[in-house]
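User: I am new to this structure. Please show me how to read its features.

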Amino acid sequence: MDLGIRGKRALVSASSKGLGRGCAEALAEAGCDLVMNARGAEALEETAQAIRARFQVSVTTVAADIVSEQGRAEVLEAAGAIDILVTNAGGPPPGLWSDWEREDFIKALDANMLTPIALMKALMPGMIERGWGRVVNITSQSVKAPIPVLGLSNSARAGLTGYVAGTARQVAQHGVIVNNLLPGIHATDRAQSLDGGVSQQEGISMEEARARREATIPARRYGTREEFGQTCAFLCSQHAGFIVGQNLLADGGATNMTL
């Protein structure tokens with residue numbers, strides 16, 4: 001399927017590895033030029049070079065902490081006019097409700113709510129002026145069904161979801177389409193870290209820890225960054241213009257709900 005976005009310019013944050021990289025690769029395959037951001041310069045440039053070689057698209061890299069005002073300014077200056085924005089950031093640490101203080105919530109909100117909002121506010125006016133734009137925020141399945149040990153993430157991402165619900169319906173008339181993509185467990189470093197924690201705590205192998213988690217997913221496997229990226233690319237395509245303000249689960253059926 002021709003996604004109709006060849007020649008568009010896309011900014012993908014936290015894209016040196018994992019799901020962000022999957023989104024960057026899929027957009028490059030569709031013919032988009034990329035602006036890629038991550039904190040680690042070496043991994044970022046290695047990924048960018050692989051994408052340049054494979055897809056023959058222009059890739060600009062900006063190694064910076066996009067959560068900070070200075071880092072965000074560096075990324076936006078390098079980005080210029082952007083047609084497609086994919087926001088992404090790692091989640092805050094797990095814990096119990098009694099563990100967190102105000103400062104912990106502020107950090108979570110900065111990374112997982114306020115930074116995506118700042119990027120949208122900076123880039124959507126240009127999209128509106130040009131009459132076309134796509135925004136995909138990578139959030140979490142916890143927005144649909146909260147995960148008890150991820151209260152910081154539940155709170156911050158729910159706030160972003162509420163913001164998008166109203167904003168998406170205001171900008172759609174200008175051809176700017178905003179949606180959220182909600183991952184479940186995918187075969188990334190994050191999943192490996194979670195499995196490693198279970199392995200150590202319960203004295204089982206990594207293979208058994210993964211098998212246990214896979215057994216809780218109706219698809220009986222972890223997702224891949226490639227299929228997640230292709231889903232993101234579709235939401236960024238010309239074919240997604242009537243999908244507005246939605247929260248699309250990509251979790252293998254793990255979130256047990258009717259609607």
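User: Which residue in β5 is the bridge partner of L85?

Analyst: First, the basis. This is a predicted model, where local features need pLDDT of at least 70, side-chain atom pairs count only at pLDDT 80 or more, and totals for chains, interfaces and linings use all residues. Residues are numbered from 1 along each chain as its sequence is written, and side-chain values use heavy atoms, leaving out hydrogens and water. Strands (E, at least two residues) and helices (H or I, at least four) are DSSP runs, numbered from the N terminus. Two strands pair if DSSP finds at least two bridges between them. Here, V135 is the partner of L85. Four bridges join β4 (residues 84–87) to β5 (residues 133–138), and these strands run parallel.

User: In what order do the strands form the open sheet?

Analyst: The order of the seven strands is β3-β2-β1-β4-β5-β6-β7, with parallel pairing. At the edges, β3 (59–63) and β7 (247–250) each pair on one side only.

User: Which residues of helix α8 are buried?

Analyst: Buried means under 20% relative accessible area, with a 1.4 Å probe and protein chains only. In α8 (residues 225–235), F228, G229, C232, A233 and L235 are buried. They fall within an arc of 155° seen down the axis, so they line one face of the helix. The arc is that of the directions from the helix axis to the C-beta atoms.

User: How many residues does the largest nonpolar core have?

Analyst: In soluble globular proteins, nonpolar side chains tend to be buried together. A nonpolar core joins buried Ala, Val, Leu, Ile, Met, Phe, Trp, Tyr and Cys residues through side-chain atoms within 4.5 Å. The largest one here has 33 residues. Its largest share, six residues, comes from α1.

Notes:
Buried means under 20% relative accessible area, exposed over 50%, partly exposed in between (1.4 Å probe, protein chains only).
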